[in-house]
Amino acid sequence: MRRRWPGFLLIAVLLLAWEISSARGWIDPITFPRISVIFDSWLRTVWTTGDLTRQLLPSLGRIFSGFALACVVAIPLGLLMGSVSFVYRLLEPITEFIRPIPSSAYIPVAILFLGIGNEMKIFVVFLACCFPILLNTYGGVRGVDPVLIDTGRTFGVSKLTAARQIILPAAMPSILTGMRISLGIALIVAVVAEMITGNSGIGYFILDMQRVFRVPEMFAGIFTLGLLGFLINFVFLKIESHFLRWRGTSVEA
Amino acid sequence: MNAMAPATNAGATMRPAPIIEARGLQRYFNVNGKRLTVFDGLSCAVQQGGFLSIVGPSGCGKSTLLKLISGLDRPNGGEILFRGKPVTGPADGMIYVFQQYTKSIFPWRTVIQNIEFGLASHKSLPRAQAREKCMEYVKLVGLDGYENHYPYQLSGGMQQRVVIARAMICEPAVLLMDEPFSAVDALTRALLQELVLKIWSDIKFTVLFVTHDVEEAVFLSSQIISLTKAPATIHENVAIDLPYPRDQIATRADPRFTDFRQRLFSSIFLQEKGIAPDDLKTIRSK
Ligand SMILES: Nc1ncnc2c1ncn2[C@@H]1O[C@H](COP(=O)(O)OP(=O)(O)OP(=O)(O)O)[C@@H](O)[C@H]1O
Ligand SMILES: [Mg+2]
């Protein structure tokens with residue numbers, strides 16, 4: 001953490017600049033309220049009234065259910081695609097075709113089939129999360145060194161044992177990378193879905209505050225998103241470096 | 001080409017059927033659309049309990065031959081017999097120790113877990129007993145104190161020893177070792193050579209050993225095959241009838257040791273330089 005202080009200092013300086021510019025009227029204080037005002041309404045909506053906190057939980061629920069579902073589906077499918085070349089040749093073109101479509105473009109279709117409730121949002125998050133995990137999983141599996149696979153063969157282990165004890169751990173760095181990318185995407189997609197339809201979630205909260213012109217609360221929501229994304233990534237990196245401690249590339253020690 | 005050296009280990013008088021037999025092996029590779037012939041009808045036999053070394057210039061097909069024998073690679077023609085039965089895939093009872101030990105070690109497993117993989121693949125022992133046996137091998141290769149280290153925390157030579165221990169703990173009938181000592185210093189190398197010889201004489205398995213070091217081959221082997229450049233043929237097939245157990249000091253000082261090394265080296269060296277077989281004969285009979 002100590003080596004990061006210049007970065008944190010920059011953030012502090014920017015916030016201060018914002019505060020002063022808004023107070024002096026260099027920027028429109030209606031659209032850009034002072035940071036102290038935003039922080040004040042952040043504290044209020046998070047602690048005192050809990051309006052924002054209440055909206056956080058449904059969002060987190062959607063993000064993590066969609067993400068977990070994607071892991072459950074995409075990791076085994078990716079392992080299969082990576083190790084059975086027929087399955088790869090069968091599914092690779094279709095993934096390559098669907099993958100470039102921005103995940104927010106599925107939302108209208110999802111609404112048609114699943115309505116505007118929670119299921120639709122979880123589904124969209126799930127779908128968006130699937131591709132990075134799938135691609136990184138089968139990429140990881142296909143990238144496993146043939147010497148490693150031959151090592152399993154010469155020891156005469158079964159295909160299943162080889163998959164569990166050799167291919168899965170060897171592809172793990174790549175799979176975890178896919179999962180981390182997906183988590184970032186999950187946050188984006190959940191917020192977009194909540195903005196398009198619905199009456200709960202942090203995306204809804206931000207849009208709602210904007211509509212009723214409670215700009216400080218709107219910013220409070222946006223900053224909360226930033227904080228949330230940061231925390232999710234931070235926790236995931238910790239988990240990742242625990243699972244990959246055998247790589248010994250982390251600078252901590 | 002179908003030369004077969006007399007079994008020299010333990011001074012056997014009657015020669016049993018070979019444990020491994022290669023008959024008319026053919027192996028081609030396609031390299032950039034061109035056909036590379038590595039073997040075009042290679043035959044050889046390995047006696048049960050022997051220590052056979054394969055020497056030859058880089059790229060002549062030593063690793064390929066070992067892979068074909070192990071069943072990891074399939075020939076384009078000819079066949080391999082292991083205990084009289086054709087090899088069609090990775091054969092039970094043979095373990096291949098890869099030349100690329102850094103790629104063959106499991107980086108996500110600690111030293112002892114790597115060795116345990118070898119044990120678990122062949123025996124299911126109770127946990128405590130398995131651990132004890134693994135520790136035995138950890139000590140054997142001189143890695144005690146490092147058993148809980150991950151490979152990235154080890155030197156190249158240490159990683160290589162892990163890979164060797166992982167293979168030996170299986171007590172295979174045939175151990176195929178592809179330049180297993182290439183990454184260790186001279187002293188560790190000498191110790192490892194003694195170690196492999198000791199385990200070999202204790203467990204009485206067959207070793208096929210690839211090396212480019214003629215001296216190492218003479219020190220270890222009961223038989224040496226030297227291969228020519230691709231398409232590889234057997235250039236020399238020599239029985240090394242130096243007595244076992246061999247000793248790093250005494251054996252190397254033995255005039256017969258020096259003689260074997262000298263003769264083999266000059267023969268291989270001159271062949272590589274492209275001297276015609278006729279010239280060779282005169283040199284050899286000298
Ligand atoms: N999978 C492969 N595809 C194409 N060519 C190959 C393949 N494997 C081996 N070869 C070629 O076959 C020849 C023999 O290779 P091999 O690895 O058996 O040599 P080697 O005697 O073990 O050499 P070294 O002493 O350098 O390890 C080489 O020319 C190599 O390029
Ligand atoms: Mg080789």
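A salt bridge here is a side-chain nitrogen of Lys or Arg within 4 Å of a carboxyl oxygen of Asp or Glu. Keep that cut-off in mind for the first stop.

Before you start clicking: this is a predicted model, in which local features need pLDDT of at least 70 and side-chain atom pairs count only at pLDDT 80 or more, while totals for chains, interfaces and linings use all residues. Residues are numbered from 1 along each chain as its sequence is written, chains are lettered from A and ligands numbered from 1 in the order in which they are written, and side-chain values use heavy atoms, with hydrogens and water left out.

**Stop 1: salt bridges in chain B**

Select Glu116(B) and Arg127(B). They form a salt bridge whose closest N and O atoms are 4.0 Å apart. Glu116(B) sits in helix 3 (residues 111-122) and Arg127(B) in helix 4 (residues 127-140) of chain B, so the pair ties together parts 11 residues apart in sequence.

Now colour by accessibility. Buried means under 20% relative accessible area, exposed over 50%, and partly exposed in between, with a 1.4 Å probe and protein chains only. Glu116(B) is partly exposed at 23%, whereas Arg127(B) counts as exposed at 69%.

Next, pick Arg23(B) and Glu21(B), another salt bridge, with closest N and O atoms 3.5 Å apart. Arg23(B) is partly exposed, at 39% relative accessibility.

**Stop 2**

- An oxygen of ligand 1 lies 2.7 Å from a side-chain N or O atom of Ser63(B).
- An oxygen of ligand 1 lies 3.0 Å from a side-chain N or O atom of Gln99(B).
- An oxygen of ligand 1 lies 3.3 Å from a polar backbone atom of Cys60(B).

Taken alone, ligand 1 exposes 630 Å², and the protein buries 63% of that. Such accessible areas come from the Shrake-Rupley method with a 1.4 Å probe; for residues, only the protein chains shown count as cover.

Ser63(B) belongs to helix 1 (residues 62-70) of chain B and Gln99(B) to the loop between strand 6 (94-97) and helix 2 (101-104), 36 residues apart. Ser63(B) is partly exposed at 22%, and Gln99(B) is partly exposed at 28%.

**Stop 2: Gln248(B)**

Jump to the loop between strand 10 (234-239) and helix 8 (250-253) of chain B, where Gln248(B) lies. Is Gln248(B) buried or exposed? At 12% relative accessibility, Gln248(B) counts as buried. Its side chain makes a polar contact of 2.7 Å with that of Arg252(B) and one of 3.0 Å with that of Gln193(B).

**Stop 3: chain A**

Switch to chain A, which has 10 helices and 0 strands. Its C-alpha atoms fill a box of roughly 75 × 50 × 30 Å along the principal axes. Buried residues make up 40% of its 253 residues.

Select Glu240(A) and Arg180(A), whose side chains meet in a salt bridge (3.2 Å, N to O). Glu240(A) is in helix 10 and Arg180(A) in helix 8 (residues 159-196) of chain A, so the pair ties together parts 60 residues apart in sequence. Glu240(A) is buried at 10%, while Arg180(A) is partly exposed at 27%. Then try Arg44(A), Arg214(A) and Glu217(A), which are linked in a network of salt bridges.

Technical notes:
Helices (H or I, at least four residues) and strands (E, at least two) are DSSP runs, numbered from the N terminus. A polar contact is a pair of N or O atoms within 3.5 Å; within protein, one must be able to donate a hydrogen and the other to accept it, and residues adjacent in sequence count only if both atoms are side-chain atoms.
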